[in-house]
Each structure stands twice: as C-alpha cells, then as structure tokens.
Amino acid sequence: RTVPVVDAEPDLVVEDVESGFCGAVVGFESGAVTLEDRHGRRRHFPLLPAAFLLDGAVVTLRRPAVGGCS
C-alpha cells in the first residue's frame, strides 16, 4: 500500500499517529513539524514516513518547497 505524501502547509490539521496529538501546522524546526492544538499547546514531531493522520488517513508529511522553478 502506498502512503500519500502531503505538503505540511500552515494551518493544515493533522494527528500524530503515535501520541494522538492533534493540531495545526505552525512551523518547522530541525527536521520536525510543529503542531499547535486548540488550547495553544505546541509540540514538535519528526517528519517520519506514515507518521500522521489527515482526515483519518495515514500520510507522510513533508516540508513544502520554498520558491520553485519557473
């Protein structure tokens, strides 16, 4: 089975599979994504394969590309 790869755009709401922490993408730090829950708590999670749920489906998050080629 292929796990989709999704750009971790700001405000995208995902859940960490291992801990169950659910929050919106608010930033990145040293190979990790920072999620903020509805109470304002922030946690960092490594960008590992198949580590997140998006709308109940397992996904791999990646840091979005900055800029791009024209």
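What share of the contacts in the chain between residues at least 6 apart in sequence join residues at least 24 apart? The answer is 38%, with a contact taken as heavy atoms within 4.5 Å. The model is a predicted one, so local features need pLDDT of at least 70 and side-chain atom pairs count only at pLDDT 80 or more, while totals for chains, interfaces and linings use all residues. Residues are numbered from 1 along each chain as its sequence is written, and side-chain values use heavy atoms, with hydrogens and water left out.

As for the overall build, the chain has 7 strands and 0 helices, and reads β-β-β-β-β-β-β along the sequence. The radius of gyration is 12 Å, close to the 11 Å from the globule rule for 70 residues, so the chain is as compact as a globular protein of that length. (Helices, H or I, of at least four residues and strands, E, of at least two are DSSP runs, numbered from the N terminus; the radius is taken over C-alpha atoms, and the rule is 2.2 Å times the number of residues to the power 0.38.) Along the principal axes, the C-alpha atoms fill a box of roughly 40 × 30 × 20 Å. Of the 70 residues, 31% are buried, where buried means under 20% relative accessible area, exposed over 50%, and partly exposed in between (1.4 Å probe, protein chains only). The chain exposes about 4800 Å², and carbon and sulfur atoms supply 51% of that area, by the Shrake-Rupley method with a 1.4 Å probe; for residues, only the protein chains shown count as cover.

On to the inside. In soluble globular proteins, nonpolar side chains tend to be buried together. Here the largest nonpolar core has 13 residues, and those touching the most other members are Val 14, Val 33, Leu 35, Phe 45, Phe 52, Val 59 and Leu 61. (Such a core is a set of buried Ala, Val, Leu, Ile, Met, Phe, Trp, Tyr and Cys residues joined through side-chain atoms within 4.5 Å.) Strands E4 (32-36), E6 and E7 each give two or more residues to this core. Leaving aside residues up to four places away in sequence, Val 33 touches a list of residues including Ala 8, Val 25, Phe 28, Phe 45, Phe 52 and Leu 61.

Ala 51 sits in the loop between strand E5 (42-46) and strand E6 (52-54), and is buried at 12% relative accessible area. With residues up to four places away in sequence set aside, Ala 51 touches Glu 15, Asp 16, Val 17 and Val 59. From Ala 51 to Asp 16 is 6.1 Å, C-alpha to C-alpha, although they are 35 residues apart in sequence.

Then there are the charged pairs. Side chains of opposite charge can pair when their charged atoms come close. The whole structure has 3 salt bridges, each a side-chain nitrogen of Lys or Arg within 4 Å of a carboxyl oxygen of Asp or Glu. One of them joins Asp 7 and Arg 62 at 2.6 Å, N to O. Asp 7 lies in strand E1 (residues 5-7) and Arg 62 in strand E7 (residues 57-62), so this pair ties together parts that are 55 residues apart in sequence. Both ends are partly exposed, Asp 7 at 28% relative accessibility and Arg 62 at 43%. Glu 36 and Arg 42 also meet at 2.6 Å, N to O; Glu 36 is partly exposed at 25%, whereas Arg 42 is exposed at 54%. Asp 37 pairs with Arg 41 at 2.9 Å, N to O, and Asp 37 is buried, with a relative accessible area of 9%.
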